[in-house]
Amino acid sequence: MGSVQRSAALLLFVLTGLCVGQRVVLVQEGRLYRTRGYHITIWCKVSGYQGPSEQNFQWSIYLPSAPEREVHIISTMDPSFPYTIYTQRVRSGEIYVERVQGDYALLHITELQDRDAGEYECYTPTTDERYFGSYSAKMNLSVIPDTLSATMTPQALTQVEGGPLELTCEVSKSTAQHTHLSVAWYHLQGSGDGQAMVILSLSKDFILTPGSSYTQRFLSDVRLDKVGDTTYKLSIGRVQPSDQGQVYCEAVEWIQDPGGTWKDIARKQTEKTSLTIRSQDRDFQANIAAVESSLAEREPLQINCSVKAQNSQNRWFQVIWLFKGEVVARIDPHGVLALKEEYEERAALGQLQVVKKSNEVYILKVYQVELKDKGTYSCKVSEMEKASTGFSTTQFKTSSDIDVNVTPIESHMHVSVLSSERQIVEGDTLILHCEVSGTTRPLSVNWWHLRKNRDQPEHIVGMEQDGMLRPGPSYQERSANRDLRLEKMNSTTFTLAIYNTSATNDGGSYKCEVTEWSMDRSWKQAQETSVAISPLSLDLRATLISRTANVTFTQDFELFCQISAPYLTTQVPISVTWQFNTIPEANGYQQLVKIMPRGTIEWGAAQPHFQRKTRVTKSASSSQLLIHSATEQDAGRYRCEVEVWRRSSQQARHPAMAAAAAVKSNVVEIKVNPPESKLRVNTEDRFLEISGGTDTEIECRVTSLTQRDSQLAITWYFLPPSPADAAPLQIVRTNYSNILDYGAEFSSVMQKSKFHSERVSSDLFWLRILSVNHGDRGRYYCLVEEWLWSVDRGWYKLGRKESGKTMLEFKVSENKLHVEKTNHNITATENEDVTMSCLLQGPSQPDSLFSAIWFHGLEHSGMKTLVKVHISGMVEYAEEEMVGRLHLRRPSVGDFSLTLRSMEPGDAGLYYCQVQEWQQDSGGTWVQWVSEVSGYTRLTALPPESSISSRVCSSPSLLHFILFYPLILFLGLITALCLYVKNMQTHKESIYQRKGKELWVDLKGAGDVEPTFSDHNNLEEEMNHLKEEKMD
C-alpha cells in the first residue's frame, strides 16, 4: 500500500508542475540616461500570470539619498498610492501610466526633474492562486543636464531667382555620455502657419536624406555640409520661387540604450530666417570688340563677344559668329563648338580657336591672320530655354559690326652661324647655332656639310615651318640612333648638335640656310663656319675578382670588376655590363644588369629574379655587384664587360650604337649550397583530464628553428574519439602573417568564439578551448610549418613537423547530477517535427542554475554541437541556418527537450545532451559544479510516403493498442491516486520517522501545492525501494 501511495504522490506533483505557470515581470533595461525637462517613458510587462488578462501596475522609486527606502509614485489600482512628493504631479497629469495592453504598461513623466533620478521598481499585485515567479522588476534612471545648443542668426534675406543661398547653423553639446547628433533643415511657406517641410537632413548615422519636395534637386542643387566641428551649412545653388518662406535648423541629440536602440533625449530649434525670392530681369545686351583691328599678316587677331545680363551665370545662351554676314562658328548653351568647314581645318592646324571663357564672354582668336581674314565681323546672341525635348530660343540680340584690316608683309631677315668650340675631341658633341634676326614670320632651316676631300655638300638635316625634321640621306642612320639633333631654341635660334663625332667623317665646313615664309612668298639667306675634330686613342682592360666562391643559402656575396686604361677613365663615358651563365651552360652568357655612363641601369630580361635582390654600383675605375640572400638560381659563372664611349653623352645613352672600345673580364664561378631545416616540435603524447565547463589550453612547443627570423604557421587539428580511423578535422590555422582561417567544421560563430589560437612566446603556442563540454572530447595536435624569406622567391616553406597528440577527457566529478540515461529510437518521416527528451532526474540544490548543450552526429563519426542554452536563458546556435528549425522547450526547470522542426534526411543520426549545474562561489561568481550527459536518441528518417498514420491504420493490433491502452492506464492512475489520498494521514508520521526528512509536503489545497525535494542520496534510495516493491 505504501508503494502505491508514493507513486500516486509523485505523479500528482509532476502533473501539478506542468499545469502551473510562473509569473515573470520585465521592465525596460537600464541604466537609462535622460535629459532634464523632457518627456520620458519606461515600459513594464508581465507574463505567466493567472487570473484576469488586465493586470495592475505599481511604480516606486529608491532615491540615491535613501537607497533602501521605497517611495511610491503611482498605481493603476489605488489612487492613494503616491507619496506626498508625487501626489500633485500625478494629479496634474505630469506623471501617469498608459496601459498599452492588459499586461503591458508605460510610465510617463512629461517633464523630467533632477530628483527623478534613482532606481525604479515596477510591481504587479498577484492574481495567481499561489505565489510562483517574480512579481517586480527594477531598473536605474539617471537625469543629465540639457547641453544641446542650436543657434542661427535670424535674417531677412532677398534673393534673385536662380541665385545661390547659403545658411549656417551652429550645433554643439557637452554631454558626458556618448551621444550622436542629427541635424535637419526645414522650410515653412508663407507666414509659417503650415506644416514644416524637410529640406535636407543628416541623420545620427551621417546619412543625408532630402525632403520629398527637394528630392529632384538633391543631387545637383541642394546640399548640406559640415564645416568644422559645430557648423552645418545649407547650400542651394539656384533658388526657386517655391523656396520663399521661413527656414530654420533643428538639432536632435541621441543616446544608445542598453538594449541597443537609439533614443532621442534632447531637441532644439533655431530662430527662423525669412527668405524672399525676387524675379529676375530677362533682358540682355550683346557687344563685340577687337583687341586690335588693324593688323599685318601673321599677327594675332582676337575678337570678344560679351553678353550683359542679370543673373547670367544661371541662364542659357547660344553665340553665333558672323564674318561678312556668313556664319563661321557657333557655341551652343552647353559650350559645344561647331565651325564652318574652312575654319574647322584651320582650327585643326592650331591656327584658330573659338572658346567660351564664361557665360558672359566668348572669344574668336586667329593666331596668324591672313589677307583673307580682312572684313566685317559681328556676333548674334540667343537666350535659350531648357525643356525635356531640348533647347528653344526665347529671344536674341545681334551686336554691331566691327571692321578688321590686314596689310601684307616684307622681309628684313639676317642670318649668322656660331660654334661653341672651334677645336673638339673625337666623341665630343659638335654644337652649332644658327641665329635669325629681323623677322617674326614662319621659318624653315636646312644644314649642309662640306668635307675637305669632297666637292658637293651633303644635306645634314632640315626643319620645316611646322617643326618637322627631315634628315639627309647620308645622316638618316645617325638621326635614327639619336646622334643627330636639330632644335629650335626660340623663335629665331636653331641649334644643330652632332653626337659621338668622328675625326675622319665630321670635320669640315657647315652651312645654315634659312627660308622665311609668307602667304605666297618666301626669302632665303645662308651662312657658313669651319670645324676641326681631333682623334682619340683607347686601350682598356677588365679584371673580375670575388672574395668567396662557395656561398651558403641566404648568404650575401659580391663581385668586383676592376677597370684600367692608359688615360683617365673619368674623362670618358664608361658602361659596365654584368653577365651570367648557368651550370651546366644553357643559352650562353646573358645580361644581368648594365650600368650606363650616366648611371642609368638596364636590367636583363633573361634573369628577372636578380633585379629584386641585387645592388650594383659603378665608379670611374670599378664596379661592384652585390647579391643578397643567395639561392640555387644564383649559382653559375659571372663576368663583366666594359665599354668605353666617346664623350658624346647622347651616344652613351644608346647602347645600340657601337662603343669606341669594349673588353670582357675573366670568368668567376659561384657555388650556392642549400640549407637544411632544423625545425623540431615536441612530439610527446599527453593526457589531459578536466572538469566540464572550465577553460583549458592545448600546448604546442617548438624546440628548434633553422633561423631566428623564421616565421611559423600553426594548424590545429582534432581527432574525434570514434571511429578509430577518423580523419583529422582542421580547427584553425594561423599562417606566417598571423591571418586566421577556421576549418569548415569550426567556422560557425559559436565555434570561433570557443577555440582560440594563441602565441604565448616565440616557441610556445596554445589552443585555448573555452568552457569545455562533452563534445570536445578527443585528441588534439598541431602542425607547424617553418617559412623563410627570399628576395627572389618571397616567403617559402622550408619544413613542417607534427606535434604529439593531447588526449582530452572529462574528469569524473564527485558530485552527481542525475540525467535520464535511457537510450531511445525514434523513426519519423521527412518534414515531420521531432521532440527528443533531456530530463534532469532527482533533487538539486535550490540555488542552482542549469545550462544544457545538445550534440548530433553519426554512429561512427564525431559529434558536433547543435545548440546551447546558457544559465541566463540565452540560446546560442552553432549554425545560423538551424535557428528556425531547432526549438528548446523548457516546460519545467529540469526539462531541456529539443524539438527538430521539418525533419530532413540529413538530420538522421545520434543525439544526446549534456546538462551542467552552476552555483555561486563566495565571490558571487557562477561556476560549474557538475555536469552529466544523457542517453542517446537514435533518429531514423523515413520517406514522406511512409507516414506513421498510414502504418497505424494498416495494422489493426497497433490501432487497438493505441486506442485502449491509454484508457486502461488512466483508470489505474485514478485508482492509485484515490488510495493515496485515503491513506495519506494514517501513514504520514511513519514516513517522517523512517526517512528523517519529508519527501513531500502536505497537500493543503489545489492552489497551494508546492513540491520540495529531499536530499540527493535519500531520493535515490527511495526510488530504488519503490522499484523493488513494484517488482515484488
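User: What volume does the second largest pocket have?

Analyst: The model is a predicted one, and the value is therefore computed from predicted coordinates. For the second largest pocket, the volume comes to about 500 Å³.

User: Which residues are the closest to the centre of the second largest pocket, and which strand gives the largest share of its lining?

Analyst: The second largest pocket is lined by 20 residues, and those closest to its centre are R238, Q240, N314, W316 and K386. By class, this lining holds nine charged, seven polar and four nonpolar residues. The largest share, four residues, comes from the strand that spans residues 375-387, namely β29.

User: Is M384, in strand β29, buried or exposed?

Analyst: M384 is found in strand β29, and, leaving aside neighbours within four places in sequence, it is in contact with W316, F317, Q318, P333, F391, S392, T393 and T394. W316, one of these contacts, is also among the residues closest to the centre of the second largest pocket. The C-alpha atoms of M384 and R315 are separated by 7.9 Å, although the two residues are 69 apart along the chain. With a relative accessible area of 9%, which is under the 20% limit, M384 counts as buried.

User: Which backbone nitrogen does the side chain of D695 reach?

Analyst: D695 is placed in the loop between β54 (686-690) and β55, and its relative accessible area of 46% makes it partly exposed. Not counting residues up to four places away in sequence, D695 touches I769, L770 and S771, while its C-alpha atom is separated by 6.0 Å from that of V772, 77 residues away along the chain. The side chain of D695 reaches, at 2.7 Å, the backbone nitrogen of S771.

User: What is the phi value of S771, and is this residue buried or exposed?

Analyst: S771 lies in the loop between β60 (764-769) and β61 (778-790). Its phi is near 50°, a positive value in a residue other than glycine. Because its relative accessible area is 16%, S771 counts as buried.

User: Where does R482 lie, and is it buried or exposed?

Analyst: R482 is found in the loop that runs between α5 (476-480) and β38 (484-490). Phi of R482 is also positive, near 60°, in a residue other than glycine. Since the relative accessible area of R482 is 51%, and the limit is over 50%, this residue counts as exposed.

User: Which backbone nitrogen does the side chain of T706 reach?

Analyst: T706 lies in the loop between β55 (696-704) and β56 (711-719), and its relative accessible area of 19% makes it buried. Leaving aside neighbours within four places in sequence, the residues in contact with T706 are E676, S677, K678, L679, E786 and L798. Of these contacts, K678 is the residue whose backbone nitrogen the side chain reaches, at 2.7 Å; the name asked for is K678.

User: At what distance does the side chain of E832 reach the backbone nitrogen of T829?

Analyst: E832 has its place in the loop between β64 (824-829) and β65 (834-836), and T829 is the residue whose backbone nitrogen its side chain reaches. At 25% relative accessibility, E832 counts as partly exposed. Along the chain, E832 and M903 are 71 residues apart, yet their C-alpha atoms are separated by 5.3 Å. The distance from the side chain of E832 to the backbone nitrogen of T829 is 3.0 Å.

User: Which peptide bond is cis, with omega near 5°?

Analyst: The bond in question ends at R31, a residue in the loop between β1 (24-27) and β2 (32-35). The cis peptide bond, with omega near 5°, is the one from G30 to R31.

User: For the chain as a whole, what share of contacts between residues at least 6 apart in sequence joins residues at least 24 apart?

Analyst: The chain has 73 strands and ten helices, and buried residues make up 42% of its 1032 residues. Its accessible surface comes to about 53,900 Å², with 50% belonging to carbon and sulfur atoms. Among contacts between residues at least 6 apart in sequence, the share that joins residues at least 24 apart is 61%.

Note on methods: Residues numbered from 1 in each chain as written. Predicted model: local features only at pLDDT ≥ 70, side-chain atom pairs only at ≥ 80, totals over all residues. Heavy atoms only, no water. Helix = DSSP H or I, 4+ residues; strand = E, 2+ residues; numbered from the N terminus. Buried < 20%, exposed > 50% of the residue type's maximum accessible area, 1.4 Å probe, protein only. Contact = heavy atoms within 4.5 Å. Areas by Shrake-Rupley, 256 points an atom, 1.4 Å probe, with all protein chains shown as cover. Polar contact = N/O pair within 3.5 Å; in protein donor to acceptor, adjacent residues only side chain to side chain. 1 Å grid on protein atoms, 1.4 Å probe; cavity = no way out; pocket = protein on both sides within 12 Å on 5 of 7 lines; lining within 4 Å. Points joined across faces, edges and corners; volume = space filled by probe spheres on them. Nonpolar A, V, L, I, M, F, W, Y, C, P; charged D, E, K, R; others polar.
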